[in-house]
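Student: Could you take me through one part of this structure slowly, the place where the two chains meet? I would like to see which pieces come together there and how the parts around them are built.

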Amino acid sequence: MAATAQAISAAEAERQELRGLLHKQYRWLDYKFDIVFWITAAFVVGAAADITKLLFAGDWDFWTDWKDRQWWPIISPFAFIIIPSALQYIQWLAWRFPTGATYTAVCMFLCSWVGRVFQWQGFVSYPLAFVWPATIIPAGIFLDWMLLKTKSFVLTSILGSMVWTLVFWTSNYMTLAPYLQPTQFMGHILTVADVQGIQYLRSQTPEYLRLVENGTLRSFLEETQYVSLVFGATLTVAGYWIGQAIARWLAIWPIGRFMKQF
Amino acid sequence: MTHRLLISLLLGAVALLGTAVVASAHGENAQEGFLRMETVTFSNVNFSKDTIKQGEDLTITGKATLLDTWPKTLGEPSTGFVNITAPGPVMLMKDRLVNGMSAPDAIFVKKGNSYDFKLTLTGREPGRWHVHPTFAVEGAGTLIGPGQWITVLDAGGFTNNLTLLNGQSVNLETYGVGQMSIFQWLGFGLGMAWMLYWTVPAIGGANHRTVSKLPVTLRIPLNTDGQDIGLITKRDHRVSNLLLLGTVALLVVGWVYQSVSFPIKIPQQVFRFTPPDLPAAPQLAQVITRDASFDPQTSTLVMNVDVTNTSKAPITLKGFTTSSLTFVDQAAAGTGAEHVMVISPQGTIAAGETKTLNLTLRDPVWRDTRMIEVNRPRIEVAGQLLFQDASGTESQTTVASSVNPKLI
């Protein structure tokens with residue numbers, strides 16, 4: 001009985017100590033550190049996310065005629081979740097902030113828009129209507145919310161990745177919709193997106209490189225889109241853990257080694 | 001000393017600027033010359049104009065032939081794409097005909113076949129642009145045809161109108177940008193609201209500082225939100241739920257909007273086909289290449305070929321085409337001929353006769369375009385000889401040979 005009371009007391013004492021630490025004021029760092037961190041890291045995080053996206057799913061994110069219902073929902077959510085997952089681990093581990101995915105999404109959003117508006121539209125004159133970037137901000141909010149509620153990276157990787165894929169498709173399909181309207185061009189019925197792809201020249205991207213739905217006898221109940229979403233969600237779970245591996249072994253583990261050493 | 005250094009730097013910068021002329025090309029000379037010669041030849045390439053206004057059309061016509069000498073190392077050609085290369089979308093592709101058929105996408109191709117093309121382009125960006133027709137082959141790369149400078153004059157603006165099947169006319173330069181921007185920036189607003197709440201203590205609370213948290217988070221399990229010590233509060237959960245609901249509302253509104261506004265949608269289309277063969281051209285001659293030599297000092301290629309006239313009428317050798325270059329008989333060439341060759345002996349080849357012809361192609365273009373280089377694993381020449389009979393019938397015969405370079 002006395003031992004139990006002692007244990008409770010010790011636990012309460014630890015809680016008090018942790019509360020004290022949590023609200024401790026630091027003379028020189030305090031909130032200035034936060035401002036410096038969030039703003040300077042934005043460039044690194046945005047660039048890392050954008051480069052990862054471009055490496056794995058560049059063309060799908062660039063051109064409307066690549067944003068198809070078969071490959072886009074498979075490749076892009078997988079490519080897009082890697083860095084948000086890494087940031088989610090780091091920010092949750094260090095500060096218990098469910099913000100890693102949203103922070104990455106917001107940073108990447110700004111990076112992508114700067115690139116598309118100034119570089120692709122301003123410098124090489126592709127219309128933004130053809131080269132707009134996909135957004136992952138709504139998907140990022142869902143993923144962070146999932147971590148906040150489950151407090152588990154395993155559950156977030158399974159449930160969150162699936163929701164991520166679905167929300168990625170939903171939030172970008174509404175902007176893609178006008179480009180999927182049919183029109184007649186060169187004597188064929190094509191989508192507006194197809195016409196953009198034909199008209200706005202891509203000298204070193206021959207059309208046969210365009211990896212989009214092309215028809216197959218393996219189509220499951222002819223519902224390509226739903227099969228792709230399910231497969232994409234499964235692949236995104238793997239992408240989530242690639243991000244976790246980056247965070248745990250490339251970001252956090254070396255810091256631990258460094259701190260132990262000195 | 002400082003002045004000398006500055007002058008040297010200035011001269012160096014000027015010298016570098018002088019190389020800008022080279023940068024106006026499209027990398028065609030970076031491809032190995034023997035591969036360019038043995039893969040695709042472009043002939044009869046013609047640009048309808050060299051100056052157009054914004055919105056005005058220009059046509060490029062010509063013929064591309066996938067030679068029988070196609071190198072084994074590149075794999076068998078199966079899919080190709082006729083396009084142009086230019087510095088970005090300075091023109092729009094309005095129509096593309098291959099062997100008379102409309103070809104919006106790639107086509108299926110076969111070695112030995114020829115493809116007549118007609119490309120209709122519209123001026124878009126004002127400026128002076130270097131434009132080439134191209135023939136890309138899957139697995140091999142893009143082969144570039146003869147180019148021309150095209151000037152696009154400013155007409156005070158440009159619109160690219162397209163009529164949809166529902167009758168609506170849209171300008172593809174800006175279509176959908178407004179709606180896309182609204183949805184994406186509303187999403188950005190939600191994302192920023194989430195971030196500001198969680199990272200600004202004045203908004204989210206004192207527990208949203210970072211600097212004081214590490215000593216705490218390192219001492220509690222990873223799968224707890226530390227509500228008992230105030231790491232994450234009930235208010236945090238409530239606000240996060242509300243922001244998620246806002247996100248759901250945005251998705252629902254967006255989905256309903258696109259469903260109502262664009263009820264008819266189809267997936268992106270892929271239209272690839274095999275173009276019909278061109279009418280079989282009569283074969284007027286058989287050619288055996290005896291030898292070929294190249295002098296890098298004078299940039300002169302000399303070929304000796306045995307030509308047998310297999311037709312029933314006398315024929316004449318008119319020219320030689322390789323990659324994007326066409327050489328015409330110097331004796332018959334007009335003043336405008338870009339590249340010429342000397343044929344010896346001159347004259348016709350009678351029906352059934354076999355004659356040895358000596359072809360001398362002395363032109364700096366061999367060196368300038370790096371078509372024949374002695375530091376390559378294969379020093380070869382390939383292309384097509386063009387024969388013509390008295391009635392004007394033309395025939396092309398593919399020739400290929402190793403080349404003996406004059407090294408000493």
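**Where chain A meets chain B**

Tutor: Happy to. Let's start with one pair of helices: A:Val167, A:Thr170, A:Ser171, A:Tyr173 and A:Met174 in α7(A) meet B:Leu251, B:Gly254, B:Trp255, B:Tyr257 and B:Gln258 in α7(B). Sorted by class, this contact has six nonpolar, four polar and no charged residues. Please keep in mind that the model is predicted.

Look now at how the two helices lie. In chain A, α7 covers residues 153-176, and in chain B, α7 covers residues 234-261; they pack at an angle of about 50°, with axes 8 Å apart. They are therefore oblique to each other. The crossing of α7(A) and α7(B) is left-handed.

Next, step back to the whole interface. In total, 86 residues of chain B are in contact with 84 residues of chain A. On the chain B side, at least two residues each come from β4 (79-85), β5 (91-98), β12 (161-163), α4 (177-199), α6 (214-217) and α7. The largest share belongs to α4(B), with 14 residues. By class, the chain B side divides into 46 nonpolar, 28 polar and twelve charged residues.

From chain A, helix α8 (residues 192-199) deserves a close look. Eight of its eight residues are buried; among them are A:Val192, A:Asp194, A:Gln196 and A:Ile198. What do these buried residues pack against? Within chain A, their neighbours are α5 (128-131), β1 (182-185) and β2 (188-191), and from chain B they are joined by β5 and β12.

That brings us to β5(B), which we can follow into its sheet. The sheet is open and has five strands of chain B in the order β1-β3-β8-β5-β6, with antiparallel pairing. Its edge strands are β1 (40-47) and β6 (101-102) of chain B, each of which pairs on one side only. Between β5(B) and β8 (residues 114-123) of chain B, seven bridges form an antiparallel pairing. Within this pairing, B:Arg96 stands opposite B:Leu119 in β8(B). As a general point for reading such strands, side chains in a regular strand alternate between the two faces of the sheet.

Further along chain B there are other strand pairs to trace. Strand β16 (residues 315-322) of chain B is mostly covered, with six of its eight residues buried. One partner of β16(B) is β20 (residues 380-389) of chain B, joined to it antiparallel by six bridges, and here B:Thr316 stands opposite B:Gln388. Another partner is β17 (residues 325-329) of chain B, also antiparallel, over four bridges. There, B:Thr322 has B:Leu325 as its bridge partner. The hairpin of β16(B) and β17(B) has two residues between the strands, and B:Ser323 takes a positive phi near 50° in it.

Finally, turn to β19 (residues 354-362) of chain B. Nine bridges join it to β15 (residues 300-309) of chain B in an antiparallel pairing, where B:Leu301 stands opposite B:Leu361. Strand β19(B) also pairs antiparallel with β18 (residues 339-344) of chain B, over three bridges, and B:Ile343 stands opposite B:Leu359.

Key: Residues numbered from 1 in each chain as written. Chains lettered and ligands numbered in written order. Predicted model: local features only at pLDDT ≥ 70, side-chain atom pairs only at ≥ 80, totals over all residues. Axes fitted to C-alpha atoms, helices over the stretch in contact; angles between N-to-C directions. Parallel < 35°, antiparallel > 145°, perpendicular 65-115°, else oblique. Left-handed = near helix turned anticlockwise from the far one by under 90°. Contact = placed C-beta atoms within 7 Å. Nonpolar A, V, L, I, M, F, W, Y, C, P; charged D, E, K, R; others polar. Buried ≥ 20, exposed ≤ 12 C-beta atoms within 10 Å, placed from the backbone. Pairing = 2+ DSSP bridges.
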